[in-house]
Amino acid sequence: MANLLSTGVSGLNAAQVALNTIGNNITNINTPGYSRQSVLQSENIPAPGGRYTIGSGVNVDSVQRAYSDFLTSAVWSSNASMQGATTYNGLASTLNSTLSASGNLQTALDSFYGAFSTVANTPGVASSRQSLLGSATAAVTVLNTLGQQLSAQQSQLNGQISGTVNSINTTASSIAALNAQISQAGNNPPNALLDQRDAMIQTLSGYVGVSAVSEPNGSISVYASNGQALVSGNKAYALSTGGTAYDPTRTDVFDATGTDISNKVSGGSLGALLSYRSNVLDSVQNQLGQSAVALASSVNAQQAKGMDLNGKQGGAIFNMPTPTVLPSSANKGAGSVSASITDVSQLTSSDYVMSYNGSQWNLQTTSGQAVPLTTNANGTLSANGLTFSVPGTAQAGDSFQIQPTRQASTSLAVTMTDPNGIAAAALLTSTAASGNTGTGKIGSVTVQNASNAALTSNAKLSFPSASTYQVTDSAGNVLSSGSYAAGQTISANGWSVTPSGTPAANDSFTVGLNSNGLKDTSNALSLAALSNVGVLNGGSQSVIASYGQLTTNIGTVGSQAQTNLTTQTSLYNQAVSSQQSVSGVNLDEEAANLVRYQQAYQASAQVIATSQTIFSSLLTAIHG
């Protein structure tokens, strides 16, 4: 009787545990991160002995989670990718909105170049010249606004990076605390704590790509995508943020040892923030600055080849932005570096690091690509359209970061205030001597070096014979001479001419300031034509084309970000669906189990009742 009673009691207890577990599953069907639980039962092994063996009931071994390491890891991985894609898409959308909201630069540039054509048509009308300066200011305003908006996004990214790192540290600490509680539970799995820990790891994966390794004591070690340990047992390893070695205003990420890991972190919102900053925003700022430099350089250079309304060589309309040089905080020497843009056509959108190894300077892009340096006769160094001066005494290991165009769009300004300063006329002209007998003629005079000190000094080009020439200054000093053939270009004092026809012996021409400057508008037409003149990329790309390419690139980034978000969201949903097929609660299944264990409970109760009836009958029989 005792065996029958204990057997029924064990069945009753097992059914009750199962019913409680099923009830818990049903009530948590909408709880995020909850894993369906089930009861593991085993037959109670009777003690040996006797002529035969009869079972003695059932044991409840444990209540376990429906769980798959592989599927859960897949959810974490896909969550990191989806959250990263979400963050990246948001940033790209903001960039596109910034470009749209800051004014149309292409329209402003078209108006600016078109204003030179208006001046060419009405060179003496003051309002045309004033309007041109207004158009220049409008174009600069758009460039400034765009640059300021991009700088503002850089600042916002700094705050987002810091906030995300704080969230990573908080979540990692929570996982470490859960590890401590779980490891203390021993062999009895604390399912609720395990679910909480999985949910925290999934939250962490949304911030940064992670991998997890289960330890023998039940804890989980969590590592970031770069291999940096974030959690080990009950200990969390905090990340930190701070300025870079070159720029204290730029937020980078450092591991627990103080090593900068910004270029190694991937996955999650933090990986997206860092990737977007390095691969998109920095590049966009540099390309926009490159366009600003090209605009200022090309217009100022053409201005210097013309004559203004005051009869003087044309001055600059824009200031010329200069590169930013940032010394490393680790520098120990007394050396310094200054940089200037000397060939806009060779200028790239890269940033550089210039370092000293104890015997020579080396240059590489911030991505690590080596750039050859050329040593000039005056001791300066040149590369990619830049010239570097390196005064002072540097020590081995000293380095400097050079940003040639990063701040150019925000620092560009219109410096010309006098409308009469617009150089609409050609600066130089040629006049044939009245006694010339040949058919030689000289058309326009081309300015090759506008900074030549003797550019505007009168010079005489003569032909001692039909096959020789010489150029002399006003004092009779010979500046250039040699043999001559039809169609040959002759240069002196920073200008050049290409005579046509056949000069006779002793024919001559005077080259000097344009005496017809008030009526000549040839340089204004040349300035208007700059809209289609190649300035960048070896002289193959105009300023307008450069900006058009930038807008196309930004649009492509936005389109790719949106496509990637759609893809990653789909992959995440698939991963969750697969994981939930194992761990999720199915109401139909739980309802069926509820009926099954309810019947088992009732049946076990009937076994107990039967044992009681038999026992009562036995007592009655004994006592009569």
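Helices (H or I, at least four residues) and strands (E, at least two) are DSSP runs, numbered from the N terminus. The model shown is predicted: local features need pLDDT of at least 70, side-chain atom pairs count only at pLDDT 80 or more, and totals for chains, interfaces and linings use all residues. Residues are numbered from 1 along each chain as its sequence is written, and side-chain values use heavy atoms, with hydrogens and water left out.

**View 1. Helix 6 gives the largest share of the lining of the largest pocket.** A pocket is an open set of points on a 1 Å grid over the protein atoms alone, where a 1.4 Å probe fits, with protein on both sides within 12 Å along at least five of seven lines; lining residues have an atom within 4 Å of a point. The largest pocket holds about 780 Å³ (the space filled by probe spheres set on the points, which are joined across faces, edges and corners). It is lined by 27 residues, with R250, N263, S278, T366 and Q401 closest to the centre. Two or more lining residues come from helix 6 (268-303) and from strand 18 (399-403). Helix 6 supplies 7 residues. By class, the lining has 4 nonpolar, 14 polar and 9 charged residues (nonpolar: Ala, Val, Leu, Ile, Met, Phe, Trp, Tyr, Cys and Pro; charged: Asp, Glu, Lys and Arg; polar: the others, Gly among them).

View 2. Helix 2 (69-101), helix 5 (191-207) and helix 9 (543-583) give at least two lining residues each. The lining divides into 10 nonpolar, 10 polar and 3 charged residues.

View 3. Two strands pair if DSSP finds at least two bridges between them. Strand 15 meets strand 16 (residues 381-383) through 2 bridges, in the antiparallel sense. T374 has S382 of strand 16 as its bridge partner.

**View 4. Helix 3 packs against helix 6 through nonpolar residues.** The axes of helix 3 (residues 105-121) and helix 6 come within 14 Å and cross at roughly 5 degrees (lines fitted to C-alpha atoms over the stretch in contact; angles run from 0 to 180 degrees between N-to-C directions). The two helices are therefore roughly parallel (under 35 degrees). L105, L109, F112, Y113 and F116 of helix 3 touch L288, L295 and V299 of helix 6 (contact: heavy atoms within 4.5 Å). The contact residues comprise 8 nonpolar, no polar and no charged.

Conventions
Parallel < 35°, antiparallel > 145°, perpendicular 65-115°, else oblique.
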